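Subject: Structure handover

Hello,

The structure we discussed is below, with notes on what was found in it. Please read the notes with the coordinates open.

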Amino acid sequence: IQDRLEGFNSAWGGARFRVVRLGGDGARAVTVALYGLTGVEGPGSVRVFTGTGADAALARTITHAGAPEAFPWPATRGGASQLALAWVGAPGPSWRYPLRLEVWRVRGGGLARVWSTEEAFPDGLHVVSWRVAGGEILLRYELHYPGWKPGCDGQAEQEEVLRYTAATDTIASARRRTFNAWHRD
């Protein structure tokens, strides 16, 4: 399927389609379809399917601003499948990217959001760099403080590692480091 989608994209351009199998089998199988437009500001859509074959069903459609990406995420201690989804926007003048990350858990035949940067960073998140791998999220983002100006040289930034803990089925900050703290202080 992915080869056909890439062929469609090369022939028509402007659209981005990707299908990803993020693990599990049978009822625990999770397949993610990512849709977006290239070179255009706007929303990216994600459709998550659970199950396989005749039992496959659309669990949820999620749309946010930015280009969507999907990442495997460790299963819960009870064995429920999980996945991480990200929407990355176009960089601003100071080369900071708006980023929205969410972790979703398969519950029954549906999908429930269990963590989001929308709650962790209510003022929005603009990252210099980021990575999602193996139940860990690494974010390097700009800090907003009194006197902060976008794009200012040497502005304070924070690097934070968020880690999934299977024992409690939660995501929490594991490490935080500040760069150019003098600028903030």
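**Notes on the structure**

Glu-119 is exposed, with 51% relative accessible area; here exposed means over 50%, buried under 20% and partly exposed in between, with a 1.4 Å probe and protein chains only. This is a predicted model, in which local features need pLDDT of at least 70 and side-chain atom pairs count only at pLDDT 80 or more, while totals for chains, interfaces and linings use all residues. Residues are numbered from 1 along each chain as its sequence is written, and side-chain values use heavy atoms, with hydrogens and water left out.

**Salt bridges**

Glu-119 forms a salt bridge with Arg-113, the closest N and O atoms being 2.8 Å apart. A salt bridge is counted when a side-chain nitrogen of Lys or Arg lies within 4 Å of a carboxyl oxygen of Asp or Glu. Arg-113 has 31% relative accessibility, so it counts as partly exposed. Both residues belong to a network of salt bridges that also links Arg-100, Glu-102 and Glu-118. By the rule above, the count comes to 12 salt bridges.

Another of these joins Glu-157 and Arg-140, with 2.9 Å between the closest N and O atoms. The pair links distant parts of the chain, Glu-157 being in strand 11 and Arg-140 in strand 10, 17 residues apart. Strands (E, at least two residues) and helices (H or I, at least four) are DSSP runs, numbered from the N terminus. Glu-157 counts as buried because its relative accessibility is 9%, whereas Arg-140 is partly exposed at 22%. Arg-140 also lies over the face of Phe-179, at 3.7 Å from the ring centre. The criterion for a charge over a ring is NZ of Lys or CZ of Arg within 6 Å of the ring centre and within 35 degrees of the ring normal.

The side chains of Arg-96 and Glu-142 meet in a salt bridge at 3.7 Å, N to O. Arg-96 is in the loop between strand 6 and strand 7, and Glu-142 is in strand 10, 46 residues apart. Both Arg-96 and Glu-142 are buried.

**Nonpolar cores**

A nonpolar core is a set of buried Ala, Val, Leu, Ile, Met, Phe, Trp, Tyr and Cys residues joined through side-chain atoms within 4.5 Å. The largest one has 22 residues, and Trp-73, Leu-99, Leu-101, Ile-137 and Leu-139 have the most contacts inside it. Two or more of its residues come from each of strand 5 (67–73), strand 6 (82–88), strand 7 (97–107), strand 9 (126–133), strand 10 (136–142) and strand 11 (157–165). A second, separate core has 16 residues, including Val-48, Leu-83, Trp-87 and Leu-111.

Which residues does Leu-139 touch, not counting those up to four places away in sequence? Among them are Leu-99, Leu-101, Phe-121, Leu-125, Val-127, Trp-130 and Leu-162, as well as Ser-129, Gln-158, Glu-159 and Glu-160. Contact means heavy atoms within 4.5 Å.

**Aromatic pairs**

A search of the whole structure finds 3 aromatic pairs. In one of them, the ring centres of Phe-121 and Tyr-141 are 5.1 Å apart and the planes are at 75 degrees, so the pair is edge-to-face. Phe-121 is in the loop between helix 2 (117–120) and strand 9, while Tyr-141 is in strand 10, 20 residues apart. For Phe, Tyr and Trp (its six-membered ring), a pair needs centres within 6.5 Å; planes under 30 degrees apart count as stacked, over 60 as edge-to-face and the rest as tilted. Both Phe-121 and Tyr-141 are buried.

**Individual positions**

Asp-169 has a phi near 55 degrees, a positive value in a residue other than glycine. Asp-169 is in the loop between strand 11 and strand 12 (170–179).

Ser-81, in the loop between strand 5 and strand 6, counts as buried because its relative accessibility is 12%. Ser-81 and Leu-22 are 59 residues apart in sequence and 8.9 Å apart in space, C-alpha to C-alpha.

**Totals**

The protein has 3 helices and 12 strands. Of its 185 residues, 40% are buried. Among contacts with a separation of 6 or more, 35% are between residues 24 or more positions apart.

Regards
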